[in-house]
Amino acid sequence: MNDHLEKIKKVTEPLRQQIINHKVYSAINDIDDLKVFMQYHIFAVWDFMSLLKSLQNSLTCTSVPWFPKGSADTRHLINEIVVGEEADIDSFGNRKSHFELYLDAMHQCGADISQIEKFITVLKKTEDFNSAFIASETPKEARNFVEFTFKIIRSNKDYLQSAIFTFGREDLIPGMFISIVNDIHKNFPDSISIFKYYLERHIEVDGDHHSHLALQMTSNLCGSDEQIWKEAENAIIESLQKRIDLWDGAYKQIINRATTANIRF
């Protein structure tokens with residue numbers, strides 16, 4: 001790993017630790033708490049796919065007629081990641097994007113998918129994010145998270161997109177959360193088996209192989225330009241803060257749900 005990547009890792013480590021040790025994980029005590037978490041997380045899963053496709057559009061030729069574009073090494077890196085994220089396999093061997101796999105997991109456990117479905121439906125129809133957020137009543141933390149991602153996408157700076165893709169998304173699922181999901185799975189194997197598979201697949205593919213590819217891609221795009229590396233560092237810091245805010249929103253809703261249940265009964 002080059003010196004710039006090492007510096008970013010060092011500078012952002014406190015924020016990464018806040019995410020990995022966030023109180024939202026310990027607040028998840030049962031399947032209903034997990035449903036709330038998933039209803040927030042699904043927005044991050046969706047806009048991750050948008051970030052991924054934006055990188056592919058930027059770094060490869062996706063129009064006709066075709067012409068060679070950029071570095072063949074970088075084309076290889078992003079295309080390999082796209083295949084794994086957009087056309088992976090579910091536990092039955094069917095091809096699914098990770099977003100579709102996550103939706104399957106939400107269906108299975110009975111999590112509310114109406115917000116994300118309404119958001120996507122309205123966005124497809126109007127191409128207007130504000131209308132989609134309002135119509136779907138997207139939680140403000142999820143809205144802020146998605147808006148930041150698309151601010152980076154609209155910057156048309158592939159090195160910034162690659163930076164937040166690499167450091168803000170790929171390896172932030174802590175062991176504590178895996179343990180909690182495994183414990184819930186013991187009691188509700190028919191309700192969260194897909195989500196358990198999703199996490200295992202995420203760790204296997206995203207957290208290992210893809211993270212190495214993404215680091216190389218970011219290094220290639222930032223090159224030796226100190227200003228570009230500084231911009232990338234600032235974007236990563238902001239992306240990690242948005243993730244913390246997203247988890248804060250999920251935590252508040254989980255706690256509110258538990259408080260309301262206690263008052264009711």
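How many cavities of 30 Å³ or more does the count come to? The structure is a predicted model, in which local features need pLDDT of at least 70 and side-chain atom pairs count only at pLDDT 80 or more, while totals for chains, interfaces and linings use all residues. Residues are numbered from 1 along each chain as its sequence is written, and side-chain values use heavy atoms, with hydrogens and water left out.

The count comes to 1 cavity of 30 Å³ or more. A cavity is here a set of points, on a 1 Å grid over the protein atoms alone, where a 1.4 Å probe fits but cannot get out; lining residues have an atom within 4 Å of a point. The largest cavity has a volume of about 230 Å³, a volume being the space filled by probe spheres set on the points, which are joined across faces, edges and corners. Its lining comprises 21 residues, of which His 41, Arg 169, Tyr 198, His 202 and Arg 243 are the closest to the centre. At least two lining residues each come from H3, helix H11 (189-222) and helix H12 (226-264), where helices are DSSP runs (H or I, at least four residues) numbered from the N terminus. The greatest contribution to the cavity lining, 6 residues, is that of H3. The lining divides into 13 nonpolar, 3 polar and 5 charged residues; Ala, Val, Leu, Ile, Met, Phe, Trp, Tyr, Cys and Pro count as nonpolar, Asp, Glu, Lys and Arg as charged, and the others, Gly among them, as polar.

A pocket, by contrast, is an open set of points with protein on both sides within 12 Å along at least five of seven lines. For the largest pocket the volume is about 290 Å³. Among the residues lining the largest pocket are Trp 46, Met 49, Glu 86, Phe 99, Ile 120 and Leu 123. Two or more lining residues are given by helix H3 (31-59), helix H5 (98-109) and helix H6 (114-126). H3 again gives the most, with 4 residues. The pocket lining contains 5 nonpolar, 2 polar and 4 charged residues.

The axes of H3 and H6 come within 10 Å and cross at roughly 35 degrees; axes are lines fitted to C-alpha atoms over the stretch in contact, with angles from 0 to 180 degrees between N-to-C directions. In this contact (heavy atoms within 4.5 Å), Ile 42, Phe 43 and Trp 46 of H3 meet Gln 115, Ile 116, Phe 119, Ile 120 and Leu 123 of H6. These residues divide into 7 nonpolar, 1 polar and no charged.

A search of the whole structure finds 16 aromatic pairs. Rings of Phe, Tyr and Trp (its six-membered ring) pair if their centres lie within 6.5 Å; planes under 30 degrees apart count as stacked, over 60 as edge-to-face and the rest as tilted. Trp 46 and Phe 150 form a stacked pair, at 5.7 Å centre to centre and 20 degrees between the planes. The pair links Trp 46 in helix H3 to Phe 150 in helix H8 (residues 140-154), 104 residues apart. Both Trp 46 and Phe 150 are buried, that is, under 20% relative accessible area (1.4 Å probe, protein chains only). The ring centres of Tyr 102 and Tyr 198 are 4.9 Å apart with planes at 90 degrees, so this pair is edge-to-face. Tyr 102 lies in helix H5 and Tyr 198 in helix H11, 96 residues apart. Both tyrosines, Tyr 102 and Tyr 198, are buried.

Key: Buried means under 20% relative accessible area, exposed over 50%, partly exposed in between (1.4 Å probe, protein chains only).
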